[in-house]
Amino acid sequence: MIILKTDREIELMRKSAEILIATFKIVDSLIEPGIRTEVIDREVEKFIRSKGARPAFKGYHGYPASACISIDDEVVHGIPGEHKLKSGQIVGVDIGVELNKYFSDAAKTYAVGEISAEKKRLMAVTEQSLGKGIEAAVAGNRLSDISFAVQSFVEDAGYSVVRELVGHGIGRDLHEDPQVPNYGKAGRGPRLKPGMVLAIEPMVNMGACEVVFEDDNWTVRTADSLASAHFEHTVAITENGNEILTLGR
């Protein structure tokens, strides 16, 4: 069931998102060659809790950390640890915040030091595909218009979108209906309405779309070991277009 949010509820989500935006500014300052991913995770948790909020991922179905940190061929759900970032890598950081029982969720892929032109292009196309999806997330469109916008842009650029993992509704729960796939034909699914809030999150592979799941039960990698990128925003659909809550005003 898709839950429409009231203006008050969207305002509560906006407050949650403000903390998430500030958290990413801290991550921005930490990403560099040599830093251990567990250090990034620790700083993320410390900051979120200092604001009276809770890192939404920690403990979610047993996930052990506050941030998902995924390197190169890790698509999503990489678990922070002792390994150090190296120049030339790309790293996806996915963070959720719960404040006053309302959630926000966003992800960003970073370059670590100098990276190849191929990785730069992958990151740019992935972020731009998120923009295409958000452009389609307006009242009156169908849900799959978002999916089609992402997939067509990505595949026109020569990349592929992951099928097994999708975006989602968000609100009082971290994951709500509807699922928001990054692939599909336009004009299908429920009609988008004011009050819907969606986490739109293209996961784009440099090579084939297939992924594998690691033995840690969390980390998802590309099956061909080529790089993957991930960007995400929490987007509220309103009477007057949409608002990217995790971008800020």
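Mentor: Let us start with the largest cavity, whose lining consists of Ser 70, Ile 71, Asp 72, Glu 74, Val 75, Ile 90, Val 91, Gly 92, Thr 109, Ser 228, Ala 229 and His 230. Please keep in mind that this is a predicted model.

Trainee: Which elements give two or more residues to that lining?

Mentor: They are strand E2 (67-71), strand E3 (74-76), strand E4 (90-99) and strand E13 (228-230).

Trainee: And how much space lies in the largest cavity?

Mentor: It holds about 40 Å³. The count of cavities of 30 Å³ or more comes to 1.

Trainee: What classes of residue make up the lining of the largest cavity?

Mentor: The lining of the largest cavity has 5 nonpolar, 5 polar and 2 charged residues.

Trainee: What is the volume of the second largest pocket?

Mentor: Its volume is about 280 Å³. Of the 15 residues that line the second largest pocket, Phe 24, Lys 108, His 233, Thr 246 and Leu 247 are the closest to its centre.

Trainee: Which element gives the most to that lining?

Mentor: H1 does, with 5 residues. Helix H1 (7-30), strand E5 (102-111) and H3 each supply at least two residues of the lining of the second largest pocket. The residues of this lining divide into 8 nonpolar, 2 polar and 5 charged.

Trainee: Now the helices, please. At what angle do H1 and H2 pack?

Mentor: H1 and helix H2 (residues 37-50) pack at about 150°, and their axes are 10 Å apart. Because angles over 145 degrees count as roughly antiparallel, H1 is roughly antiparallel to H2.

Trainee: Is the crossing of H1 and H2 left-handed or right-handed?

Mentor: The crossing of H1 and H2 is right-handed.

Trainee: Which residues meet there?

Mentor: From H1, the residues are Ile 19, Ala 22, Thr 23, Ile 26, Val 27 and Leu 30, and they meet Ile 40, Glu 43, Val 44, Phe 47 and Ile 48 in H2. By class, the contact of H1 with H2 has 9 nonpolar residues, 1 polar and 1 charged.

Trainee: What about H3 and H4? How far apart are their axes?

Mentor: The axes are 8 Å apart, and helix H3 (residues 117-136) packs with helix H4 (residues 143-156) at an angle of about 150°. That angle makes H3 roughly antiparallel to H4. The crossing of H3 and H4 is right-handed.

Trainee: Which residues of H3 and H4 meet?

Mentor: Val 125, Gln 128, Ser 129, Lys 132, Gly 133 and Ala 136 are the residues from H3, and on the H4 side they meet Asp 145, Ile 146, Ala 149, Val 150, Phe 153 and Val 154. The contact of H3 with H4 has 7 nonpolar, 3 polar and 2 charged residues.

Trainee: One last topic, the backbone. Which residue has a positive phi although it is not a glycine?

Mentor: Asn 100 does, with a phi of about 50°. Asn 100 lies in the loop between E4 and E5. E4 is among the strands that give two or more residues to the lining of the largest cavity, while E5 supplies at least two residues of the lining of the second largest pocket.

Terms used. Residues are numbered from 1 along each chain as its sequence is written. This is a predicted model: local features need pLDDT of at least 70, side-chain atom pairs count only at pLDDT 80 or more; totals for chains, interfaces and linings use all residues. Side-chain values use heavy atoms; hydrogens and water are left out. Axes are lines fitted to C-alpha atoms, for helices over the stretch in contact, and angles run from 0 to 180 degrees between N-to-C directions. Helices (H or I, at least four residues) and strands (E, at least two) are DSSP runs, numbered from the N terminus. Angles under 35 degrees count as roughly parallel, over 145 as roughly antiparallel, 65 to 115 as roughly perpendicular and the rest as oblique. A crossing is left-handed if the near helix is turned anticlockwise from the far one by less than a right angle, and right-handed if clockwise. Contact means heavy atoms within 4.5 Å. Ala, Val, Leu, Ile, Met, Phe, Trp, Tyr, Cys and Pro count as nonpolar, Asp, Glu, Lys and Arg as charged, and the others, Gly among them, as polar. On a 1 Å grid over the protein atoms alone, a cavity is a set of points where a 1.4 Å probe fits but cannot get out, and a pocket is an open set with protein on both sides within 12 Å along at least five of seven lines; lining residues have an atom within 4 Å of a point. Grid points are joined across faces, edges and corners, and a volume is the space filled by probe spheres set on the points.
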